[in-house]
Amino acid sequence: MTAIAEPPLPAAKLGPTPSDPLRASILEAASKPREQSTTIPAAAYTDPGFHEFENQEIFRKEWISLCHVSQIPNPGDFVRVDLCGEPMLVVRSKDMSIKVLSRTCRHRGMDLMPSGFGHPDEGNKRVILCPYHLWSYDLDGKLVGAPEMHKADGFDRSEVCLHRFRSESGKVSSS
Ligand code: FES
C-alpha cells in the first residue's frame, strides 16, 4: 500500500527539452545492445535543464508515490515531502484517512516545516504549527488557531484551510 499524489501543478504546454548534446548522449547510451550497456551521462543527474525537463515531462504529469502507508499507521503520523518545489505533508487524519497537504501557511506563505529548523522527515503531530506567527492547523489542514486574528473584521478561520493535493492510497502493481 502506497500513498500517492496527483501532480502538484499542471504541466506547461511545451516543457523544456534537455540540451541536444545531453539528449544525444542519453539516446546513444539507451540504444546500445545489452552487452554494451553503460550508465547515462553524469550530466543527466546534474544538468538544471534536464532536471526541469524531468519535472515538466514526468513528475508534473504522472501520479507519484510519496510514501508507504506503513510509515503513517496512526492519527497524526506524517511524512514530510518536497516535490517539484512544492512543500507537502502526507498525514494520517483522526478519521484514519490520508491527506496530502501543502506546507505553505495560508497567512504569509511560510513553510510550516522548513528545512534547517530541525523538523524530522517523519513523526507524529496533534496540530501543525506555523513557526512564523503561530497559526495552527488540524490534521485535515483546517485552521484552528490564529493569534490576534479575532480582532480582524470579517476574518472567519473556518474558511481557511491548507491546500490539499488529490491523493489515493492503494496497491502499486509492477505489471
Ligand atoms: S506565515 Fe504562518 S502564521 Fe504567519
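**Core, strand pairing and confidence**

The largest nonpolar core has 23 residues, and Ile 72, Leu 89, Val 90 and Val 91 touch the most other members. Such a core is a set of buried Ala, Val, Leu, Ile, Met, Phe, Trp, Tyr and Cys residues joined through C-beta atoms within 7 Å; buried means that 20 or more other C-beta atoms, placed from the backbone, lie within 10 Å of a residue's own. This is a predicted model, in which local features need pLDDT of at least 70, side-chain atom pairs count only at pLDDT 80 or more, and totals for chains, interfaces and linings use all residues. Residues are numbered from 1 along each chain as its sequence is written.

- Strands S2 (64-68), S3 (77-83), S4 (86-92) and S5 (98-102) each supply at least two core residues; strands are DSSP runs (E, at least two residues), numbered from the N terminus.
- S4 gives the largest share, four residues.
- Beyond neighbours within four places in sequence, Leu 89 is in contact (C-beta atoms, placed from the backbone, within 7 Å) with Phe 78, Arg 80, Leu 101, Arg 103 and Met 113.

**Strand pairing**
- S3 and S4 run antiparallel, joined by six bridges; strands pair if DSSP finds at least two bridges between them.
- Asp 82 stands opposite Pro 87 in S4.
- The hairpin of S3 and S4 has two residues between the strands, and Cys 84 takes a positive phi near 50° there.
- S3 is also joined to S6 (residues 122-124) by three bridges, antiparallel, with Asn 124 in S6 as the bridge partner of Asp 77.

**Confidence**
- Mean pLDDT (the predictor's confidence in each residue, from 0 to 100) is 86, and 86% of residues reach 70 or more.
- Confidence is lowest in strand S1 (residues 2-5), at a mean of 61, and highest in strand S8 (residues 136-137), at 98.
- Over residues 9-15 the pLDDT is below 50.
- Where pLDDT is low, the predicted coordinates should not be read in detail.

Note on methods: A residue is buried if 20 or more other C-beta atoms lie within 10 Å of its own, exposed if 12 or fewer, and partly exposed in between; C-beta atoms are placed from the backbone. Two residues are in contact if their C-beta atoms, placed from the backbone, lie within 7 Å.
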